[in-house]
Amino acid sequence: SYNSLNLISSARSLSLGGDIISIMDNDVSLASTTPSLLNVSMNNQLSFNFVDYVSDINLVSVYFSKKILDNIMVFTGVEAINYGEFIATDETGNILPNFSANEQIVTIGTSRYLGNNFTIGSNLRILNSNLETYNSVTISSNISATYFVREKEFGLTCLVKNIGRPLKDYSDSKESLPLEIQIGISKSLDHLPFRYSVLLHHLNIYDIGN
């Protein structure tokens with residue numbers, strides 16, 4: 001449940017396969033998932049993304065970051081997901097009035113540069129989910145640490161995603177958030193315009209086949 005917390009709205013991230021957690025530049029949208037990527041080059045950066053999924057599903061996001069001290073950055077963002085309208089029927093197939101589904105995620109975060117190429121960051125995310133007559137509100141956090149050497153364009157990040165719990169469940173059945181631990185490594189080649197990235201995901205789950 002609550003896999004909308006893992007949806008990617010950044011066009012850049014989607015074009016590269018989804019999770020980019022070890023590249024530190026001025027792309028403020030990357031800080032939505034990985035707060036330790038917040039850095040001074042993102043100061044006063046604004047990002048707007050629109051994703052048109054299949055079957056009239058749309059995702060819109062706006063992100064902004066600002067430097068408040070020499071080594072501290074803050075971040076805020078809003079994501080809105082519209083799943084469209086659906087035809088409702090009862091158990092005998094009679095058509096009922098259409099229903100809609102939508103979700104909103106509000107994120108605030110911060111990062112602190114510790115020196116020696118290390119940055120730590122954390123964020124707070126509030127998800128409001130409305131699916132037909134069911135409503136849920138959750139609170140979660142992502143915590144990450146990044147080691148990035150700008151001269152060599154080498155990055156190493158450890159990320160813990162979706163730490164939290166529902167404040168209000170869809171029903172009496174208690175559900176958990178999709179907790180995940182990731183480690184990412186990236187490196188630009190010295191004499192070619194390419195970068196390679198390696199991502200280890202779901203490190204908190206021993207057998208991902210189940």
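Let me start with Arg195: its relative accessibility is 31%, so it counts as partly exposed, a label for values between the two limits, where buried means under 20% relative accessible area and exposed over 50% (1.4 Å probe, protein chains only). Before going on, a word on the source: this is a predicted model, in which local features need pLDDT of at least 70 and side-chain atom pairs count only at pLDDT 80 or more, while totals for chains, interfaces and linings use all residues. Residues are numbered from 1 along each chain as its sequence is written, and side-chain values use heavy atoms, with hydrogens and water left out.

Back to Arg195. Its side chain meets that of Glu153 in a salt bridge, at 3.0 Å from N to O. Glu153 sits in the loop between E6 and strand E7 (154-168), Arg195 in strand E9, and the two are 42 residues apart, so to speak distant parts of the chain that the pair links. Strands here (E, at least two residues) are DSSP runs, numbered from the N terminus, as are helices (H or I, at least four). Glu153, at 24% relative accessibility, also counts as partly exposed.

By salt bridge I mean a side-chain nitrogen of Lys or Arg within 4 Å of a carboxyl oxygen of Asp or Glu. The count by this rule is seven. Another of them joins Glu79 and Arg125, at 3.1 Å from N to O. That pair links distant parts of the chain too, with Glu79 in strand E3 and Arg125 in strand E5 (residues 118-131), 46 residues apart. Are Glu79 and Arg125 buried or exposed? Both are buried.

Lys174 and Asp169 form a further salt bridge, their closest N and O atoms 3.5 Å apart. Here Lys174 is exposed, at 69% relative accessibility, and Asp169 is buried, at 13%. Arg12, Asp25 and Asp27 are linked in a network of salt bridges.

On a 1 Å grid over the protein atoms alone, a cavity is a set of points where a 1.4 Å probe fits but cannot get out; a pocket is an open set with protein on both sides within 12 Å along at least five of seven lines; and lining residues have an atom within 4 Å of a point. Grid points are joined across faces, edges and corners, and a volume is the space filled by probe spheres set on the points.

The largest pocket holds about 290 Å³. It has 21 lining residues, and Met24, Asn39, Tyr113, Thr119 and Arg150 are the closest to its centre. Which strand gives the most to this lining? E6 does, with four residues. By type, the lining of the largest pocket has 10 nonpolar, six polar and five charged residues. Nonpolar covers Ala, Val, Leu, Ile, Met, Phe, Trp, Tyr, Cys and Pro, charged covers Asp, Glu, Lys and Arg, and polar the others, Gly among them.

The second largest pocket has a volume of about 230 Å³. Of its 14 lining residues, Leu16, Asp19, Ile20, Ser197 and Val198 lie nearest the centre. Strand E9, where we began with Arg195, supplies the largest share of this lining, four residues.

Last, the search of the whole structure finds one cavity of 30 Å³ or more. The largest cavity holds about 140 Å³. Among its 17 lining residues, Ile8, Ser13, Ser29, Ser32 and Thr33 are the closest to its centre. The lining of the largest cavity divides into six nonpolar, eight polar and three charged residues.
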